[in-house]
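Please look over the model below before reading on. My notes follow as numbered points.

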Amino acid sequence: MLRKPLHLGLSIALLALNCLTSTPSRADFPAILTASGVKALKLPDVRIETADHHDGSKPNDGIRVAYMDVQGVIAGSIRFQLLLPDEWNGRFAMGGGGGLVGSVQNAARGSINEGYATVGTDTGHQGEGTDGSWALNNLEALVNFGHLAVHRTAEVSKALIRAYYGMEPARSYFLGCSRGGGQAMMEAQRYPDDFDGIVAGAPAFDWTGIAALFTHIAQTMYPDPEHLSGTVLTQDDLNHLYAEIMKQVDEQDGLKDGIIDDPTAVRFDLSRIPGLNDKQRSAVRAVYEGVRNASGPIYPGFPIGAEAGPGGWFGWLVGPLAPGAVNLSFAFGTNIYKYFVFNDPEWDYSTYDFSNWERDTRLAGSTLDAKDSDLARFASLGGKLILWHGWADAALPASATVAYYEEVLQSDPKAMEYARLFLVPGCYHCGGGPGVSRVDWLQVIVDWVETGSAPDRIIATKSGQNGAPTMTRPLVPYPERVEYRGSGDTNDAENFVLRAP
């Protein structure tokens, strides 16, 4: 087994020897031992640190099959872990990370059990998920995080796959949610030939806009940076707000079930909510309305329906979770501005004036943001893109993803031939919530890419404690919607039909 960094040529040779020792039946591996085989990889700045074979006799962190675990570093800082199953299905699946990453993460890791070669990366830095201090005056780290690390990891992984199996992946896929969803969108826009199929869930794709929204909310919830131990809204206030909202809107979609099918299609009046004082109403309004300056909207606010529950506003937007930590949006917003935008650890969120937002964020946005709605290059290569977002997401507003997709449709009226958006009722951030949230997105995108079966109706599920589905609902491509047919089990997708225009 390899245990210390080696020159790539030697490491690949030993990797092959290790494979032959562990799995002698794989007679095709010796091809990579030749000098020409190693030279063909053309990876001068890649270092393989370990390559360990697991025989599959004992489940290893959810992996149930025999595989080779290859870990290495690209360009001295981009760490990756590539998993190569003995029984390979000929496909490659890369998974995205969450937050500010900072450790090797792979949302597609479980795909190895289905025969996929799969990889994840730390995007070029080590750190805790909301700490952006690694980017302070470090443009290389910021560029790696913004887009380059995922691209380089994909290229290196394909070269190693080719060396290990003796052939290219037949198809390549990327799956991610949150930060990983933003990585997915960046791949489609900036590196359209990396992947044949891409799934972007609840995407953090406009970092400078998200930071503006989070800072705007922080200024309302925590106007005094010297007093971060309390906020204008408690969890009880949020529970009350949600209950009153549901009284107004729950039945407007034709079904009283505690799920808002489409928050944009119901009538809601905040002024009719009792029991809130003026400061609380102002804070709630800041979350709903988003942030703007004299030039217009900067980033949209959150739809109704994400106020309460374990994945609701409190942990993401309101807090405080702990002294100094406040809440997740506060942490992300301040770290993005301190270390990505201004390179100033002493930057004060409470005094920031959004009038200069466009100028302030232009440089950082050119590296971080994946807002280009022109996907023509990706489409011309045969790529397929699925966007999805939970309507009850309290971390990132689904309305921003909707706005982006509408720009895609405006850019190309035929965009639904290669890009589709699915909105998930009652789904929190990347999963959970009172509604359905489980979809085998990898299989959906594979079917679209490999068989031409465009996703017109996807069945999403909600699982009970024993893992069995307790609810199924159909998801249809935006802007289509479904509705209850008026009879039958309301937890059965068969009883929901496409709503007439």
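Which residue stands opposite Val 119 in S5?

1. Met 94 does. Strand S4 (residues 91–95) and S5 pair in the parallel sense over three bridges; pairing requires that DSSP finds at least two bridges between two strands. Helices (H or I, at least four residues) and strands (E, at least two) are DSSP runs, numbered from the N terminus.

2. A word on the basis. The model is predicted: local features need pLDDT of at least 70, side-chain atom pairs count only at pLDDT 80 or more, and totals for chains, interfaces and linings use all residues. Residues are numbered from 1 along each chain as its sequence is written, and side-chain values use heavy atoms, with hydrogens and water left out.

3. Strand S5 (residues 117–121) is mostly covered, with five of its five residues buried (under 20% relative accessible area, 1.4 Å probe, protein chains only). Ala 117, Val 119 and Thr 121 point one way, and Thr 118 and Gly 120 the other. In a regular strand the side chains alternate between the two faces of the sheet. S5 also pairs with S3, in the antiparallel sense over four bridges. There, Gln 81 stands opposite Gly 120.

4. The open sheet has nine strands in the order S1-S2-S3-S5-S4-S6-S7-S10-S11, with mixed pairing. S1 (46–54) and S11 (419–424) stand at the edges with a single partner strand each, so one side of each is left without a neighbour in the sheet. S2 (residues 67–74) and S3 (residues 78–85) pair in the antiparallel sense over eight bridges. Tyr 67 stands opposite Pro 85 in S3.

5. Next, helix packing. The axes of H5 (residues 207–221) and H7 (residues 278–289) come within 9 Å and cross at roughly 175°. Axes are lines fitted to C-alpha atoms, for helices over the stretch in contact, and angles run from 0 to 180 degrees between N-to-C directions. H5 and H7 are therefore roughly antiparallel (over 145 degrees). His 216, Ile 217, Thr 220 and Met 221 in H5 meet Ser 282, Ala 283, Ala 286 and Val 287 in H7, contact being heavy atoms within 4.5 Å.

6. H5 also packs against H9 (residues 328–341), at about 125° with the axes 8 Å apart.

Key: Parallel < 35°, antiparallel > 145°, perpendicular 65-115°, else oblique. Buried < 20%, exposed > 50% of the residue type's maximum accessible area, 1.4 Å probe, protein only.
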